[in-house]
Amino acid sequence: MGGGPSRLGLPRLLMVVALVLLALCGFGVHGRNHIHKKPHGGGGGGGRQHRGGGTVVSSPAVPPADEQTQPPGIVPSDPAIPAQPEQCVFDVRAFGAVGDGTTDDTEAFRAAWRAACAVESAVISVPSDGTFTITTTTFTGPCKPGLVFQVDGVLMPPDGPDCWPPSDNRRQWLVFSNLDGLTLRGAGTIEGNGEGWWNLPCKPHRGPNGSTLRGPCDSPTLVRFFMSRNLVVEGLRVENSPEFHFRFDGCSDVRVDGLSIRSPANSPNTDGIHVENTQRVAIYNSMISNGDDCISIGTGSYDVDIQNVSCGPGHGISKSIWFWWCMCSIGSLGVHNSQACVANVTVRNAVIRNSDNGLRIKTWQGGMGSVSGINFDTVSMENVRNCIIIDQYYCLDKRCMNQSTAVHVTDVSYANVRGSYDVRAAPIHFACSDTVPCTNITMSEVELLPFSGELVDDPFCWSAYGLQQTPTIPPIYCLQDGLPDSLLDNPDLRCR
């Protein structure tokens, strides 16, 4: 009949328009929600330049300006204000995720990632009314700029080693690799389901009659970032990891802000945040309570700024053996006679409670390289067993032999460190190498009193050189003056 093609033209046109709209926001998007992107950073004004030309935003000591405030005479519609990119939201349920806590939603998350990765300013949404289980997954880039992984519900791995798929990697769960500009954030929880891993008989003291059995003992890091840059991780609750909660390997320009990290005090090797071969890192405004180091810093880490962090119980900032908690640990460096380099680490406005270690630097004998430019400023301690400790004789057992080389520890300052210590150990302990002594240690406004019991007024020093700039409690008269001749022109101590 005449006129048939003209009747079909309108539906075909509508179909073409719909397909074009879908293409603009990624195939499979559940609706098109518009979110105006907030600027990264957090208060305090300008950034601080670091080695390598990057910038880490200063500590949010000054509250950021109200985001709703506009300069006088300018309205949001003013063409002088650059338009913010609109974000397309990729709800994982639109890709088949169920979120009932038992269904395997892995393929839905992988599909959502593929779609969002190809779209600029995309948001992968994990909704607040679901509990999503996924198996080991690597989310790989490169992706379009502005990608956000928004976790508002609960995201978790299978429940323990018995439920772990045999073909899956048992050393890591979520991996974000080869990315530039990713933000991982949300008001939800990443739940590690770690208890089954902690109780493996190969874990310390978890075998028969409190023994530790030999054999493979792999356990997954919960969230790992690898070979990525310009990362933001903020706002999440992360708990009960089988091993490390967060790990940054080979990354740069990282900002961690407002995290809550929790696992039981007796959970082995559950470091809160581990940094290794990573530069320009800011860790701010976070609470960490776990069974190992709150923050551990490994070799190849430079320009690390830690501020407003509460730690404990835990191993503190360090890396140590199970059940030796610490706030900030720099180590274990120089293992297997390797070179280790760490420089420019600042810990400021930190609180450490009920820890076996507070501020610790530990290195193995036989290593090379240096730890330098370490500043601990305004740290409060409560019932900490080893408040300040440098240990260049670190060893996992008593069979380690004395060696003639060591990682050089130099330019370490402790200022405004106050609080209480457990009297079972001296609150200040500097055990440095005979051949590579610790140098340029400075102490200022250090006041450590017993949590209970008698004052221990005998700090330990061995081959430690430095200066007591102000009177300390307890008094520390054992630091030696000057610089030992053995360190002059030693090529083994040089880093980059």
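Buried means under 20% relative accessible area, exposed means over 50%, and partly exposed lies in between (1.4 Å probe, protein chains only). This is a predicted model, in which local features need pLDDT of at least 70, side-chain atom pairs count only at pLDDT 80 or more, and totals for chains, interfaces and linings use all residues. Residues are numbered from 1 along each chain as its sequence is written, and side-chain values use heavy atoms, with hydrogens and water left out.

Helices (H or I, at least four residues) and strands (E, at least two) are DSSP runs, numbered from the N terminus. Start with strand 7. Its covered face holds T137 and F139. Its uncovered face holds T138 and T140. Strand 7 is joined to strand 10 (residues 172-177) by four bridges, and the two run parallel. Two strands pair if DSSP finds at least two bridges between them. The bridge partner of F139 in strand 10 is F176.

## The nonpolar core

F176 turns up again in the core. A nonpolar core is a set of buried Ala, Val, Leu, Ile, Met, Phe, Trp, Tyr and Cys residues joined through side-chain atoms within 4.5 Å. The largest one here has 98 residues. Which of them touch the most other members? They are W113, F149, F176, F225, F246, Y414 and F430. Helix 2 (residues 106-117) gives the most to this core, with eight residues. In soluble globular proteins, nonpolar side chains tend to be buried together.

Now look at F225. Contact means heavy atoms within 4.5 Å. Neighbours within four places in sequence are left aside here. F225 is then in contact with F176, L182, L184, L231, V233, F246, R247, F248, D249 and C251. One of these, C251, is buried, with a relative accessible area of 2%.

## Disulfides

A disulfide is a pair of cysteine sulfur atoms within 2.5 Å. How many does a search of the whole structure find? It finds five. Among them are the following.

| Pair | S to S | Torsion about the S-S bond | Hand |
|---|---|---|---|
| C117 and C143 | 2.0 Å | -100° | left-handed |
| C432 and C438 | 2.0 Å | about -100° | left-handed |
| C461 and C478 | 1.9 Å | about 40° | right-handed |

Take C117 and C143, which form a disulfide. C117 lies in helix 2 and C143 in the loop between strand 7 (137-140) and strand 8 (148-151), so the pair ties together parts that are 26 residues apart in sequence. C117 counts as buried, at 12% relative accessibility.

C461 and C478 also form a disulfide. C461 lies in strand 32 (residues 460-462) and C478 in the segment after strand 33 (464-468), so this pair ties together parts that are 17 residues apart in sequence. Are these two cysteines buried or partly exposed? C461 is buried, with a relative accessible area of 16%. C478 counts as partly exposed, at 27%.

For the pair C432 and C438, both residues are buried.

## A buried serine

S296 lies in strand 21 (residues 293-297). S296 is buried, because its relative accessible area is 0%. A polar contact is a pair of N or O atoms within 3.5 Å; within protein, one must be able to donate a hydrogen and the other to accept it, and residues adjacent in sequence count only if both atoms are side-chain atoms. The side chain of S296 makes such a contact with the side chain of H274, at 2.7 Å. C387 is another buried residue, with a relative accessible area of 0%.
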